There are 2 protein chains.
Amino acid sequence: MAAIASQIRPGAYYDSVVLMQLQRALLTLPGVLDAGAVMATPVNLDLLDASGLRAETGAGADDLLIVVKAEQREAAEAAINQIDALLVRRRVAGETEFLPKSLEAAAHQLPEADWVLISVPGRFAAGVARDALRLGKNVFLYSNNVSLEDEATLKREALGRGLIVMGPDCGTAIVGGIGFGFANRTRRGPIGLVAASGTGLQAVASAIHRLGGGISQALGTGGRDLHAGVGAAAARQALDLLRRDPETSVIVLISKPPEGEVAGRVAAAARRTGKPVVLNLIGLPGSGRSLGNLHFAGDLEEAAEIAVRLANSPRVPADASSSKGSARYLRGLFSGGTLAYEAVLGLQIVLHPLHTNVPLQASQRLEDPLHSTGHTILDLGADQFTVGRLHPMIDNDLRLRRLRQEANDAGTAVILLDVVLGEGAHPDPAAELAPAIAEALHRGDLEILVCVIGTDLDPQGLEGQIEKFRACGARVFTGLRETLDQVVRLLPPDAEPWPAPVPLESFRAPAAINVGLESFYESLLAQGAAAVQVDWRPPAGGDERLMAILAKMKGTSEPRQAS
Amino acid sequence: MAAIASQIRPGAYYDSVVLMQLQRALLTLPGVLDAGAVMATPVNLDLLDASGLRAETGAGADDLLIVVKAEQREAAEAAINQIDALLVRRRVAGETEFLPKSLEAAAHQLPEADWVLISVPGRFAAGVARDALRLGKNVFLYSNNVSLEDEATLKREALGRGLIVMGPDCGTAIVGGIGFGFANRTRRGPIGLVAASGTGLQAVASAIHRLGGGISQALGTGGRDLHAGVGAAAARQALDLLRRDPETSVIVLISKPPEGEVAGRVAAAARRTGKPVVLNLIGLPGSGRSLGNLHFAGDLEEAAEIAVRLANSPRVPADASSSKGSARYLRGLFSGGTLAYEAVLGLQIVLHPLHTNVPLQASQRLEDPLHSTGHTILDLGADQFTVGRLHPMIDNDLRLRRLRQEANDAGTAVILLDVVLGEGAHPDPAAELAPAIAEALHRGDLEILVCVIGTDLDPQGLEGQIEKFRACGARVFTGLRETLDQVVRLLPPDAEPWPAPVPLESFRAPAAINVGLESFYESLLAQGAAAVQVDWRPPAGGDERLMAILAKMKGTSEPRQAS
């Protein structure tokens, strides 16, 4: 039966590469069957357990735990006794070249460096990033296990300095053709990427390359950039950058669906770039393939396909925005529940906030269905409206009254009606609706869009109905996709000011200081970038109490959460 | 100043058409400015209020309230005094032809009728539907405001009798070329529709027609059919019917995203039809455009486009299902968080239930990330796995151990790995992973799929990596969409038995009894269908207490909720 031996090294700092190399070295020793060298977090202890490397040690999350399984107890213990020698060998190998010991020293050594790449363990990462910002450097923050509070603080500080923090947990970027962290080598070209998603960015960039397209800049933001607490700080900076970048003609934005207000801000920023933007808000469908200059993709590969297609057919997205006066809002008065639902689905990101009696999210519920507020979409065929009353596809009374009500609201800029033809429906809806539309349009600063659903065989006569609606001044469409696109073209985005610009120069031929994984440094050199590696050790040897004192002395007293 | 007069008619039943006609007639009387004739529900009272037809009356939800606004008090009161005459005129007009007074009498008059269309007010509708089922008729239940309990009971009863209940709140169907309720006139053809969505069905049917395609059958189910309480009873019957229908070669299924277990059952039924099925689960994206015979559409128009394309390129969907022995489950071991997320997104409906550490819904959360259960998708780069450990894109140790663990689980049928190449990543992942894959494949009843993300410029060499993975017996893909498609082809759907078949004969040239809106009866006749209209009046004059006694006498003692 196999024997197990183990050792704890309390509170000591070792970087992950050292631990991987130690584990591999232990595996080569005589009689050793398996080995683990990990920080003793609960998950890591469970993982050791799952590999049959159970060790009852009492080690804590900040302790290094080394476990060896061997055929005989003697072999296991002999391996454990080798640990110091193995760690020393590694250290010596790492110090064959002179490396600066601090960020400041590295900055002196490579003054043109405008970037700092950080991949130290999470609990040290925010401190290094703060130092980098104070040296005036942009930050690529690969480290994960950084708190949301630290992320928000860092990004706020960067915004104030005209710098960008990509990350934390930003695995990838391509800046001026140079890959940071994990990055595929791709052709250069006119497509700029912004991604709150690491492998998402890599998958899209790879697919663009495979399809013959090329990348101008690919900017990670960290997976949590679109959380309410961070407010899409990096994504908005990146959109602004690509907007200003003359080498970028198409933008791709990848993210998990952003929350509430952030969704609206990001969409507004994307619209205001004035360039075609392909969105893959993973998990959130955009009903309607395109809305103004925004193009919605169903998955990563489709995002790449659309971007390459747009890059190959250059055209300035026509913005029909015709904001006349103070009218700003959409009022959708639907007879079809599913059409109302699809309108909410398609528009909710772009027209934010949206109010409706067919909400997809609780926050969208219209308080009083009888009175619209802001952008409002109503299903007038909903149960609440049809007790003792004919469906609005048969009886237009309710819609006529509501149409007048919305037209009398000075906030209404666009009214959208669906008209569903066919058996069973009103024999001539245009005869009743068109005069009311004509009357409403007297206001002058109002647009009325009619989406007619029907066929050329329908008893009402599709062409005749369309003609009547056109004649009264409405814009007529025969599908919801086109109609929603027109809604967005008519309603301009909110004019939130852009953040202070991050200079484009830092994105031309980046030079970088690397703190953490040496493989990232080696990769920078291999790509021909100027780079310097810092021989980083945690402040105060990783001692939390001493670190806090040091941080205080440097004036960085923000609360920091160890992870 | 205008004057208002009103009248209450407590507890009386009038159908909605009568009320609409009364209201219109009142508007034509001298001096009348506006009028309303509605059941006095809270929403209807508010609507009157919004139209300036406020009347403080104390009327309740079961009372008819008639309000007239006129220039002078006398005119308003004169109009109110006309109500009886106006209602009588209407009654007489309706009785110029002989109409059966009951469902039974109508069934005698038109014995070939295999359908009953019901559009009476919601609180009476379930009773009529129950009567129809007991006469052996299929039911098209247009009425809304029917309780979910009644819906479940009715559909259960129908299942037991080999009949179908479409609805409640089923606005539309096309059965054997005849439109029921609201229905667009469309070309006949090979595309069958199933829709828990009324205008959704109409929009897709119209778009199919516009694109040159045609419809075999279009079957509504009512918007709540996919609720957990109803269990997709009608949708599964409809899928079974279209599966057996030789005239249907492509199926379209439209619905809001179904809940938990129902999602899995519907998806399994769709897969087991053996025909291409286009799904538009509104609001739920299917990452990956197609999974086996399932094709996911982003909106209604895309559903039509895909269906027409599939109908024009007939091919039997190749089902690679290779269920060998008891192995049934997918185990996805991802290094890329976004790829893991997209896999969950794409597969969650088809492989149900799905367990993961990157859940989209709380119910998907994998209890113990160290042990897979059923279909499991893991992001091994998640924070919990990377404390004091290199990312799995650099260090394969964690994935190698987990790969062995999954291969040793007899339930595992398919293991899916992503391999992300590029700068910063492991210099030769295949060198470490391929031997472990080869070893795992010794099991014989296991498939291993590798999704390689990278470009031909990447330092690892894309082709060389692919070659190594192929050589060890893995199936290799270069995009997630294709990979997920293959996963689904390899894993057969759950073999839940089909419901008792609803005979296809009822869907060839339907004859129908109509109870409720006469316009639906007229529409049936106009389309050349055999039909009979019932001169329906509510049992016991609409008196709730008497109705309960009558129902008891007929043995229909199920609880019924008035709405």
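**View 1. An open sheet of six strands in chain B.** In this predicted model, six strands of chain B line up as an open sheet in the order β16-β17-β15-β18-β19-β20, and their pairing is parallel. At the edges you'll find β16 (354-356) and β20 (475-477) of chain B; each has a single partner strand, so one side of each has no neighbour in the sheet. Going from one strand to the next, the twist averages 15°.

**View 2. Where β19 meets β20 in chain B.** Zoom in on strand β19 (residues 447-453) of chain B and you can follow three bridges across to β20(B), with the two strands running parallel. Take C451(B) as a landmark: its bridge partner in β20(B) is F477(B).

**View 3. Chain B up against chain A.** Here 83 residues of chain B are in contact with 84 residues of chain A. On chain B's side, helix α8 (residues 198-210) of chain B gives the largest share, with nine residues. Sort the residues on that side of chain B by type and you get 33 nonpolar, 36 polar and 14 charged.

**View 4. Helix α11 of chain B, largely enclosed.** Helix α11 (residues 300-312) of chain B has 13 residues and reaches 19 Å from its first C-alpha to its last, close to the expected 18 Å. Of those 13 residues, 10 are buried, so the rest of the structure largely encloses α11(B). Among the buried ones are L300(B), E301(B), E302(B), I306(B), V308(B) and L310(B).

**View 5. The two sides of helix α2 in chain A.** Look along helix α2 (residues 42-50) of chain A and pick out its buried residues: N44(A), L45(A), L47(A) and L48(A). They cover an arc of only 160° around the axis, which puts them on the same side of α2(A). Over on the other side, P42(A) and D49(A) are exposed. The cover over the buried residues of α2(A) includes β2 (32-39) and β3 (64-70) of chain A. After α2(A) comes G52(A), with a positive phi near 70°.

Methods. Residues numbered from 1 in each chain as written. Chains lettered and ligands numbered in written order. Predicted model: local features only at pLDDT ≥ 70, side-chain atom pairs only at ≥ 80, totals over all residues. Contact = placed C-beta atoms within 7 Å. Helix = DSSP H or I, 4+ residues; strand = E, 2+ residues; numbered from the N terminus. Nonpolar A, V, L, I, M, F, W, Y, C, P; charged D, E, K, R; others polar. Expected span 1.5 Å × (residues − 1). Buried ≥ 20, exposed ≤ 12 C-beta atoms within 10 Å, placed from the backbone. Pairing = 2+ DSSP bridges. Axes fitted to C-alpha atoms, helices over the stretch in contact; angles between N-to-C directions. Arc of directions from axis to C-beta.
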